Amino acid sequence: MWARMWENRALYVAISPFYILFAVFGLFPIGFSLYLAFHKWDGIGVMTYNGLNNFKYLLTDAEFWQAVGNTFMIWIYSTIPMLFFALIIAFLLHAPFVKFRTLFRVGYFLPNVTSIVAVAIIFGALFANNYGFLNYLLQSVGLPVVEWLNAPWGIKVAISSMVVWRWTGYNAVIYLAGLQSIPQTLYEAAKIDGASAIQSFFRITIPMLRPVILFTVITSTIGGMQLFTEPQVLVGNDGGAGAAGMTIVLYLYRESFINNYFGYGAAVGWGMFLIIALFSIVNWKLVQGKSS
Amino acid sequence: MVCVLLISGCSIWPGQDDSANNKKVTLTLWYWNRSIDDKLIARAKEKFPNIELTAQKIGGDFKAKLKTTLAARSGEPDIVALNDWIMELFPSEDRFYNLYDLGAGDIEDQYLPWKWKQGVTPSGQMIGFPMDTGPTALFYREDLFKEAGLPSDPEDVTRQINSWDAYAAAGEQIKEKFGGKVFLTDNIGSVYNQVLSQGAERYFRPDGSFIGMDSALVRTSWDTSIAFKEKGLLANADGWTPGWNAAMNNGEIASFVGAVWMKQVLQEAAPDTSGKWRVARAPGGDGNNGGSFLSILKSSEHPQEAFELVRWLQSPENQLEQYQTLNLFPSAPGVFDDPAMKKEEPFFGGQATGPVFAESAQQVPDAFFGERYPSVHNIITRRLNDVAKQNADPQQVWTDTVHRVERELQR
């Protein structure tokens, strides 16, 4: 094997940049964070071996489990409406009667390339307790104001709405690509057999889209579990009132870079890795299971 | 060999005439915007012709950048400005020069003792040279106090609203008068902070041991904050938010206890209220919030030159100048009587607020913070916010907070 590799060395050199960069910026940090998770380190001084203490602390850390709970709640609040709206938008964009399709596609995709920090600041102004735009609207129609950023659910709704706003168009474009790959003949055959539009949506479109839906569910699971910038800019490093906006990554960030428990932060990172892996498998089984 | 001796010689003996050997030493200084006046830095370059000074204004998260640089052990500046989080760096005191070794002891009596001590580690190494300080006082709306039938002249306010109880009573009067539309003060964290900052101890003893959550000061600060919440005196406006600015500008907050640098913050947040604010001594005593330091890193090759520069930059005269240009409050009490400190300020209705803060600055109690102060303090203020904003049961939150602090200290 080595002889053959040596024979083709020019090719291996040509593809080496990726592996070198991956080793430096991917593999090394992963290995180092695992090493770090078994140590106590304030980031400047000496690192001391800490055994399994970081992990023991993690398992009994109420704040960590609250962050896990928050992350799941925000994931549910955001992913369900997001994928639902995305599917509807994609279906509409795919419909033959819609004009200026490219314009709409660009328009729906635009939120995805907007800076998250800018988005969070704008949403902060929308949801602000005092002088917020939403509360202004509520007041002007005679409804009582809602203290969005003081209520645990309010904070989660605000963060979720940012995620929905940002990622709906992205998923719609992916669904649109999936829709376009469904052979038109299937719909024509169904029409001849007398199927209604709703029947062909549920009997043809959804089953044919299953792999695409699986893909969007998995990516939004990973994205949702890694949520950080939105809550950080909106409610700050402590997750806002009652730590209701504290997500796992925000907790990792606070423990490492604000409280200087780098070893513990690394342990949180590995805890998060396990949770994402488990959750992705569960999701995959659920979505895949229906077809088989 | 001769060459090496010559070079090292010039860095050890700064007293030598540097023009003779024409060798300039290069020094790098890290600071953040508005911590040192740029004009003063320009003058330092003229004053020290033997120093090639590179002053870098570090933007963004200053502390994170400094800590990353310290962790990387490369690219460190010679001199660095530190904020009141200096105590977080005490465990790494070996990364800094002991300023006592460089001659700081000679000028110790020119600076406020409590401020000086904040830059000295428990083992007695001085790693931070005093820059500005943050003595506290009561900022209040003269017009609203008058309308509510409270004393409104700064001296009367100082005399009558002299305790947190008296302050709370004034708050209830304001609440009554304005039908709940005007709150006494901004948020629960600021009340807790200010009561705590008036005490002589925090959470830790200088030997690093934990005093315990049942320390009298912690209990008093907690109970006072809870009482303010229960009496409905808090606007729940967090600092550094647009909501806080708006509440100040719209006259929904009648007062707050804050450090001298809040003058600038307030003027920028509430331009419409110009002329209506006054400053009196804080109820319950004087305290300090924030303030900064200059340190010399161990990696510097020219500590003595660096120290001479630091000493000049923060000399009493230059601190006085920076009070006038940047509102940085001096830590050298010798200049407190200067006419420049007694200037009348239009935003405060022509009151000269300098003397109020100068009085306060001289009464700040000594306090040891300890490197775990931020994490413990943060847990408590976070939980207090749950009481203030989500109406959590104070007793239950207290029990939980004690538990969390104990857990925090175990790791």
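Visitor: Hi! How many cavities of 30 Å³ or more does a search of the whole structure find?
Guide: Hello! The search turns up three cavities of 30 Å³ or more. Keep in mind that this is a predicted model.

Visitor: Got it. What volume does the largest cavity have?
Guide: The largest cavity comes to about 60 Å³.

Visitor: And which residues line it?
Guide: Its lining is made of Ser35(B), Met131(B), Asp132(B), Gln314(B), Gln319(B), Gln322(B), Leu328(B), Phe329(B) and Pro330(B). By class, that lining has four nonpolar, four polar and one charged residues.

Visitor: Which elements each supply at least two residues of that lining?
Guide: Those are strand S4 (129-141) and helix H14 (316-326), both in chain B.

Visitor: Thanks! Switching to the interface: how many residues does each chain put into the contact?
Guide: Chain B gives 26 residues and chain A gives 24 residues. The area buried between chain B and chain A is about 2200 Å², with carbon and sulfur atoms giving 41% of that.

Visitor: Which three residues supply more of chain B's buried area than any other three?
Guide: That would be Arg382(B), Arg407(B) and Arg411(B), which supply 34% of the area that chain B buries against chain A.

Visitor: Arginines, then. How many salt bridges cross the interface?
Guide: The rule finds four salt bridges between chain B and chain A, and over all chains the count is 29.

Visitor: What does Arg411(B) form a salt bridge with?
Guide: Its partner is Glu255(A), and the closest N and O atoms of the pair are 2.6 Å apart. Arg411(B) sits in the segment after H17 of chain B while Glu255(A) belongs to helix H12 (residues 248-258) of chain A, so this pair joins two chains.

Visitor: Nice. And what about Arg404(B), which side chain does that one meet?
Guide: The side chain of Arg404(B) meets that of Glu63(A) in a salt bridge, at 3.8 Å from N to O.

Visitor: Which elements give two or more residues to chain B's side?
Guide: In chain B they are helix H4 (62-72), helix H11 (242-249), helix H16 (373-390) and helix H17 (394-410). The largest share, six residues, comes from H16(B).

Visitor: Last one: what classes make up that side of chain B?
Guide: The side of chain B that touches chain A has 14 charged residues, along with six polar and six nonpolar ones.

How values were computed: Residues numbered from 1 in each chain as written. Chains lettered and ligands numbered in written order. Predicted model: local features only at pLDDT ≥ 70, side-chain atom pairs only at ≥ 80, totals over all residues. Heavy atoms only, no water. Contact = heavy atoms within 4.5 Å. Buried area = accessible area lost by both parts, 1.4 Å probe. Helix = DSSP H or I, 4+ residues; strand = E, 2+ residues; numbered from the N terminus. Nonpolar A, V, L, I, M, F, W, Y, C, P; charged D, E, K, R; others polar. 1 Å grid on protein atoms, 1.4 Å probe; cavity = no way out; pocket = protein on both sides within 12 Å on 5 of 7 lines; lining within 4 Å. Points joined across faces, edges and corners; volume = space filled by probe spheres on them.
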